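Okay everyone, thanks for coming.

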Amino acid sequence: MDRLLFVASEAYPLIKTGGLADVAGSLPEVLRQKGMDVRLLLPAYQHVLESIDPPALVADMEVDGDALRILSTRLPGTKVDTWLLEHPLFSQRPGNPYHDSHGAPWPDNADRYMLLCRVAAAIATGEAGLDWRPDVLHCNDWHTGPAIALTHLREQRPRTVFTIHSLAHMGLFDRATFERLRLPQHFWSDSALEFYGQCSFIKGGLVYADYITTVSPTYATEICESPGGMGLEGLLSQRRDRLVGILNGIDSQVWNPASDPYLVQTYSQESVADKARNKAALQADLGLASLDDRPLVGLVGRLVEQKGLELILPVLADILACPVQLVILGTGEPRYEQQLKAAATVNPDAMAVVLAYDESLAHRIEAAADVFLMPSLFEPCGLNQLYSLRYGTLPLVRSVGGLADTVVDSNPHTLADGSATGFVFQRPDAAELLAALRRACALWYEQSVWRQVQLNAMSQDFSWQQSANRYLQLYNTATDS
Ligand code: ADP
């Protein structure tokens, strides 16, 4: 049986700030079910330790002079053996894993995640004194990139896979920080970790991994070019033969409208009409007018430029005038939060904004809305549009990254051949977004056509099965070479 060490900075349900946690919380379990011997390695954040039963001790270790412990627990809801790296840098730090309560990155993030990398590399190269050692080390996003670089300092190294969930975060630190981390000097080179005068953690994965994956085929193409590559397009296009786009799956137990415990009314393809009860309940919960003569549009996500807020805000009044009701759940940049909240205050019947991270409300919006708005400027994969499809909530997306790979625009041709699942517009332009929303509204009034598109959407299969098979193939290719 192949042994896999899967390393990430977050995994649902232990700790989650975004889509990475959803992937790290579900892919390892599917790989385990397919026969892999998996260990998930995560930092033992204070919040994690407070939320689990006392974990077992796997090992006391010293890595580069740092004393730490590896603890073992189960990822809740799975049978995945999860190893937690306990060290004061993680375990005595309340709040968000990456930043303080004002959104400023923790000043010692380089030290914190380099520690995670050193431990991952020590386990992966058999130097951690454990009786388990992986055939494949799979790292995710910038926090774990240097772990792959570090394995290259050893003769005995496993095969390595690095997954880009987003290139937008590169883990950039200044030269003084690089020196403080006591990395080998040859890592300070543009063919290693150096990136325009800074040290880039993500390059540890991009330069040194046997294979690089990213979370959709279209994003894999976009990052080999400017502007999608964000300055790394040269390196990525050089490594194009080692770069594979594999779509994320969704956890189809957590996101299942037929059994979702957060919903007032569960429903399936056979009972889509019942979905309306969730709309009525959400309207009541959020103080919206209880109208059933117009679509409800939902948006859940980080309120940041990437998610297309600059396309929504200029046409907010036109959006509401379609007419639709609009529900937004998210946290993010204060200027977006303030503008949205102000608009909701002026339009209490038509618009509700909840500035919070709320798992239950996210599920209830997915079930209640008719249309899910996701006009991202870039989107490596995107999960919310996949949840929306499953919930028969038609996604309205820009044709970019994983959104382009997963949503099929409704037009006469796709409506006729049964492939339509949502609404797609092309350019990052508020007028195009508005035009797509008007198309959606027009279709909503044709209830039988709308119902058919809902059924098309709900019958899409974005479970992990196929994608996990692609990872398995890649691990096999890597270990066979
Ligand atoms: P990203 O990883 O870029 O934030 P994704 O669509 O890939 O975007 O994944 C976002 C995940 O985080 C989804 O599971 C989404 O439901 C969840 N999410 C984002 N913001 C919130 C929020 N405010 N409350 C609840 N869940 C949220």
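Let's start with D141, which counts as buried at 9% relative accessibility. Buried here means under 20% relative accessible area, exposed means over 50%, and partly exposed is in between, using a 1.4 Å probe and protein chains only. D141 sits in the loop between β6 and α5 (145-151). Helices and strands are DSSP runs numbered from the N terminus, with helices being H or I of at least four residues and strands being E of at least two. Most residues other than glycine have a negative phi, and most peptide bonds are trans.

Before going on, a word about what you're looking at. This is a predicted model, where local features need pLDDT of at least 70 and side-chain atom pairs count only at pLDDT 80 or more, while totals for chains, interfaces and linings use all residues. Residues are numbered from 1 along each chain as its sequence is written, and side-chain values use heavy atoms, with hydrogens and water left out.

Back to phi, then. Y196 also has a positive value, about 50°, and is not a glycine. Is Y196 buried or exposed? Y196 is exposed, with a relative accessible area of 69%. You'll find Y196 in the loop between β9 (194-195) and β10 (198-200).

While we're on the backbone, look for the cis peptide bonds. One joins Y12 and P13, with omega about 5°, and P13 is in the loop between β1 (3-7) and α1 (19-33). Another joins C322 and P323, again with omega about 5°. P323 belongs to the loop between α12 (316-320) and β14.

D210 is in the loop between α7 (201-208) and β11 (211-214), and D210 is buried, with a relative accessible area of 10%. Which residues does D210 touch? Leaving aside neighbours within four places in sequence, D210 is in contact with R157, P158, R159, T160, R239 and R242; contact means heavy atoms within 4.5 Å. The side chains of D210 and R157 are joined by a polar contact of 3.2 Å. A polar contact is a pair of N or O atoms within 3.5 Å; within protein, one must be able to donate a hydrogen and the other to accept it, and residues adjacent in sequence count only if both atoms are side-chain atoms.

E127 is the other one, in the loop between α4 (109-124) and β6 (136-140). E127 is partly exposed, at 46% relative accessible area. Not counting residues up to four places away in sequence, E127 touches A122 and R154, and the side chains of E127 and R154 make a polar contact of 2.6 Å. Also, E127 and Q156 are 29 residues apart along the chain, and their C-alpha atoms are separated by 9.7 Å.

On to helices. How many residues of α14 are buried? Nine of its ten are, so α14 is mostly covered. The cover over those buried residues includes α10, β13 (296-300), β14 (325-329), β15 (351-354), β16 (371-374) and α15 (384-390). At the start of α14, a side-chain oxygen of D358 comes to within 3.1 Å of the backbone nitrogen of S360.

Let's look at how α10 packs here. Helix α10 (residues 275-286) and helix α14 (residues 359-368) pack at an angle of about 125°, with axes 8 Å apart. That makes α10 oblique to α14. Angles under 35 degrees count as roughly parallel, over 145 as roughly antiparallel, 65 to 115 as roughly perpendicular and the rest as oblique. Axes are lines fitted to C-alpha atoms, for helices over the stretch in contact, and angles run from 0 to 180 degrees between N-to-C directions. On the α10 side, the contact residues are K275, N278, K279, L282 and D285; α14 brings L361, R364, I365, E366, A367 and A368.
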